[in-house]
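Subject: Structure for your review

Hello,

Here is the structure I said I would pass on. My notes on what was found in it follow below.

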Amino acid sequence: RQAAAPYRAALGERPRERLPQYWADTQASLALALKRLGEREGGTERLEEAVTAFHAVLEEYTRERGPRQWAAMQARLGETLQALGEREGGTQRLEQAAAALRAALEELTRESAPLEWPDIQDTLGIVLATLGEREGGMEWLEQAVEVYRKLLDRFSRENEPLDWAQAKSDLGDALLELGRLSMSSEHIEAARSSLEAAWEVYRGFGFDFYDEY
């Protein structure tokens with residue numbers, strides 16, 4: 001809250017017409033502060049304000065002027081819309097989140113942004129899986145499965161065991177829901193195999209609660 005107040009005040013002192021870059025940088029800082037505040041407060045008001053602020057930033061942070069900066073804001077917008085969609089119910093915000101995250105991944109690729117890419121992919125997978133569960137739509141779940149398999153191609157069990165296990169677990173959940181909707185024993189068996197592999201890693205780290213899953 002203390003961070004958001006001076007950013008709002010600064011926007012009055014740095015009008016977009018006179019100082020567009022300073023204005024956009026201040027809007028970006030405000031948007032990030034509102035996002036973090038909304039994630040901690042609960043409710044939707046701050047997250048909605050953050051979405052509005054991110055959209056304002058993207059009027060100046062265009063893809064043509066600075067593709068990576070534009071993509072980073074698209075990723076943060078997608079995360080904010082995902083949090084908003086989780087709290088609101090429905091699918092509109094989640095569909096918007098998926099679009100923003102996919103846009104970000106067009107520039108922040110696995111090769112060009114190896115540190116950012118997995119986090120964006122993971123958020124996209126969560127969004128797609130949630131859409132599939134809410135709509136009962138196999139297409140969304142199939143897309144989620146594809147995202148998690150890309151993550152598993154990035155992580156190795158030997159070098160990043162917990163990241164690998166998380167992706168395996170998320171893949172198993174998506175396959176299980178897909179199998180339930182399609183009545184496919186093949187998907188259910190693949191889900192079982194994926195979840196068991198994840199649980200094996202988690203147990204190795206002492207997470208006994210997975211035994212009760």
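**Overall picture**

Of the 213 residues in the protein, 46% are buried. Please keep in mind that this is a predicted model. The protein has 9 helices and 0 strands, and the order of elements from the N terminus is α-α-α-α-α-α-α-α-α. Taking contacts between residues at least 6 apart in sequence, 57% join residues at least 24 apart. The accessible surface of the protein is about 11,300 Å². Carbon and sulfur atoms account for 47% of that surface.

**Helix 3 and helix 4**

Helix 3 covers residues 45-60 and helix 4 covers residues 67-88. The two pack at an angle of about 155°, and their axes are 10 Å apart. Angles over 145 degrees count as roughly antiparallel, so helix 3 and helix 4 are roughly antiparallel to each other. The crossing of helix 3 past helix 4 is left-handed.

From helix 3, the residues in this contact are Leu47, Glu48, Ala50, Val51, Phe54, His55, Val57 and Leu58. On the helix 4 side they meet Trp70, Met73, Gln74, Arg76, Leu77, Thr80, Leu81, Ala83, Leu84, Arg87 and Glu88. Sorted by class, the contact of helix 3 with helix 4 holds 12 nonpolar, 3 polar and 4 charged residues.

**Helix 5 and helix 6**

Helix 5 (residues 92-107) packs with helix 6 (residues 116-135) at an angle of about 155°, and here the axes are 9 Å apart. Helix 5 is therefore roughly antiparallel to helix 6. Helix 5 passes helix 6 in a crossing that is left-handed.

Helix 5 contributes Leu94, Glu95, Ala97, Ala98, Leu101, Arg102, Ala104 and Leu105 to the contact. Helix 6 contributes Trp117, Ile120, Gln121, Thr123, Leu124, Val127, Leu128, Thr130, Leu131, Arg134 and Glu135. The class counts for the contact of helix 5 with helix 6 are 12 nonpolar, 3 polar and 4 charged.

**Individual residues**

Glutamate 177 is in helix 8, which spans residues 161-182. Is glutamate 177 buried or exposed? Its relative accessibility is 15%, and buried means under 20%, so glutamate 177 counts as buried. Leaving aside residues up to four places away in sequence, glutamate 177 touches Glu133 and Leu141.

Glutamate 146 belongs to helix 7 (residues 138-154). With a relative accessible area of 46%, glutamate 146 is partly exposed. Glutamate 146 is 21 residues from glycine 125 in sequence, and the C-alpha to C-alpha distance between glutamate 146 and glycine 125 is 8.5 Å.

Methionine 183 sits in the loop between helix 8 and helix 9 (185-204). Methionine 183 is not a glycine, yet it has a positive phi of about 55°. Because its relative accessibility is 71%, methionine 183 counts as exposed.

Regards

Notes: Residues numbered from 1 in each chain as written. Predicted model: local features only at pLDDT ≥ 70, side-chain atom pairs only at ≥ 80, totals over all residues. Heavy atoms only, no water. Axes fitted to C-alpha atoms, helices over the stretch in contact; angles between N-to-C directions. Helix = DSSP H or I, 4+ residues; strand = E, 2+ residues; numbered from the N terminus. Parallel < 35°, antiparallel > 145°, perpendicular 65-115°, else oblique. Left-handed = near helix turned anticlockwise from the far one by under 90°. Contact = heavy atoms within 4.5 Å. Nonpolar A, V, L, I, M, F, W, Y, C, P; charged D, E, K, R; others polar. Buried < 20%, exposed > 50% of the residue type's maximum accessible area, 1.4 Å probe, protein only. Areas by Shrake-Rupley, 256 points an atom, 1.4 Å probe, with all protein chains shown as cover.
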